[in-house]
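Please read the points alongside the sequence and the structure.

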Amino acid sequence: MMMMVPKDLMITSQVARASTIGAVIAKRCPNVTSDNHIIAAYLCQEKLKGEDSFWKKYIDSLPKKMYSLPYRYPPEETGVR
């Protein structure tokens with residue numbers, strides 16, 4: 001079964017870069033080019049909007065704390081090869 005998600009229901013790097021915070025980053029921090037960093041900043045901006053954010057329900061569903069990022073650990077530390 002294939003599922004399709006409408007583009008306006010996706011948080012993409014293009015959405016993040018077109019946002020207010022994306023424009024500020026582009027102007028003041030032109031060396032920040034990582035899509036992950038831009039999206040993270042966008043999510044922080046949206047979280048600060050609270051009830052006014054279109055993404056509030058999604059943001060509320062995210063974990064409050066991250067205890068580890070195992071996909072970033074080297075294979076010898078995770079035992080995954």
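1. Helices are taken here as DSSP runs (H or I) of at least four residues, strands as E runs of at least two, both numbered from the N terminus. The model is a predicted one. On this basis the elements of the protein chain run α-α-α-α-α from the N terminus on, with 5 helices and 0 strands.

2. Of the 81 residues of the protein chain, 19% count as buried. The accessible surface comes to about 7100 Å², and carbon and sulfur atoms hold 61% of that area. Among contacts with a separation of 6 or more, residues 24 or more positions apart account for 39%.

3. Helix H3 comprises 15 residues and reaches 21 Å from its first C-alpha to its last, close to the 21 Å expected at 1.5 Å a residue. Just after H3, glycine 50 adopts a positive phi of about 60°.

4. The buried residues of H3 are Ile38, Ile39, Ala41, Tyr42, Gln45 and Glu46. Seen down the helix axis, they fall within an arc of 160°, so they line one face of H3. This set packs against helices H1 (13-17), H2 (20-28) and H4 (56-61). Asn36, His37, Lys47 and Leu48, on the other side of H3, are exposed.

5. Beyond its neighbours within four places in sequence, glutamate 46 is in contact with Ser53, Phe54, Trp55 and Ile59.

Conventions:
Residues numbered from 1 in each chain as written. Predicted model: local features only at pLDDT ≥ 70, side-chain atom pairs only at ≥ 80, totals over all residues. Heavy atoms only, no water. Buried < 20%, exposed > 50% of the residue type's maximum accessible area, 1.4 Å probe, protein only. Contact = heavy atoms within 4.5 Å. Areas by Shrake-Rupley, 256 points an atom, 1.4 Å probe, with all protein chains shown as cover. Expected span 1.5 Å × (residues − 1). Arc of directions from axis to C-beta.
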